[in-house]
Amino acid sequence: MNKYNTKIGQLLALVPRPQFERCVRETQSDKFCKGFSTWKQFVILTYAQIANPKGLRSLTDSLNSNRTSLYHLGISKDVKRSTISYANSTRNPEVFERLFYKILGTLDRGGRKKFRKDFFAVDATEISLNMNDFPWAEFRSTKSGVKINMKYDINNSVPDYLFITNAKEHENNTLDKMRLKRGDTVAIDKGYCNYERFGSFCDLGILFVTRLKDNARYEAVESRRTKSPLVPEDETIVFTGSQTRKKCPHELRRVKSIDEKTGKPIVILTNDFSVSAEYIAKMYRARWNIEIFFKTLKQNLDM
């Protein structure tokens, strides 16, 4: 029987087995293993994504009834719920993280890079939870919830870093946890507006692109010509509000862009003076890629 004639077999054929085993050896994930190997766990987790079971009981019932088609993938005996549960709770997930980045590194993504190196979008999305099952994540009076805070690599279309907080926590408080470093460029929504953080970005050599708040008080110190009618304004500004100026005393750049589809103006704030105003507008529009990723994630994982 051809082990690649099933959907899961064809999917797993894309995973180089020697590379997988190298990850297992590097992380020692099969150390003290008594039969339920990392590969078997990986096969079952992949099967679960395809079968979309409602729980471990449903998963094991489906697995054991289709064991013949999984025999050549290493699943030769009935699998118990307790075995899967124990492996999921005790095996270090680093092995799967390493596998992900090794496979990602083999992909030819050079043609997709449209922006400078180390260009990220930062945003957050809420996941609603049942209050009875997740009382620790109380969000509102009738439900619980968590927030996925993500640093997203726009050039490679992949998350770079993420962490989870209670949905109550405002994303404005999470920027300092995003592992941004000197030389990074980050596109953020207006909800992350924090003038003190913008000031520290300037001090640390981190470039940012965001929306300027409507009530921001500033004065223009220099204006520049632009090449496109869709980007009519490009100015150097300083904040004039006493508290805002204290938090962010640096000169920043204000770029006004017109949305091609809606015709509405978008006022962008950045500390990047090294590229054209049109490029700044393009970078801010690219922030939408993280929204598309969140939408895709929720649709495929039923979140």
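Colleague: Where is the place of Lys-147?

Modeller: Lys-147 sits in strand S2; strands here are DSSP runs of E with at least two residues, helices are runs of H or I with at least four, and both are numbered from the N terminus. Please keep in mind that this is a predicted model, in which local features need pLDDT of at least 70, side-chain atom pairs count only at pLDDT 80 or more, and totals for chains, interfaces and linings use all residues. Residues are numbered from 1 along each chain as its sequence is written, and side-chain values use heavy atoms, with hydrogens and water left out.

Colleague: Is Lys-147 buried or exposed?

Modeller: Buried means under 20% relative accessible area, exposed over 50%, and partly exposed in between (1.4 Å probe, protein chains only). Lys-147 counts as buried because its relative accessibility is 7%.

Colleague: Which residues does Lys-147 touch, not counting those up to four places away in sequence?

Modeller: Contact means heavy atoms within 4.5 Å. Lys-147 touches, among others, Ala-124, Glu-126, Phe-163, Asn-166, Glu-169 and Glu-171.

Colleague: Which residues touch the most other members in the largest nonpolar core?

Modeller: In soluble globular proteins, nonpolar side chains tend to be buried together. A core here is a set of buried Ala, Val, Leu, Ile, Met, Phe, Trp, Tyr and Cys residues joined through side-chain atoms within 4.5 Å. The largest one has 25 residues, and Phe-119, Ile-154, Ile-268 and Ile-280 touch the most other members. Elements giving two or more residues to this core are strands S1 (119-129), S2 (144-153) and S9 (265-270), with helices H10 (277-286) and H11 (288-301). H10 supplies the largest share, six residues.

Colleague: What is Ile-268 in contact with, leaving aside its neighbours within four places in sequence?

Modeller: Its partners include Val-209, Leu-212, Val-255, Ile-280, Ala-281 and Tyr-284. There is also a second, separate core of 23 residues, with Phe-36, Ala-48, Leu-73 and Ala-87 among them.

Colleague: How many disulfides does a search of the whole structure find?

Modeller: A disulfide is a covalent bond between the sulfur atoms of two cysteines; the search looks for a pair of cysteine sulfur atoms within 2.5 Å. Here it finds zero. For Cys-193, the nearest cysteine sulfur is that of Cys-248, 9.7 Å away. With 12% relative accessibility, Cys-193 counts as buried. Cys-202 is in no disulfide either, and its nearest cysteine sulfur, that of Cys-248, is 5.0 Å away. Cys-202 counts as partly exposed because its relative accessibility is 22%.
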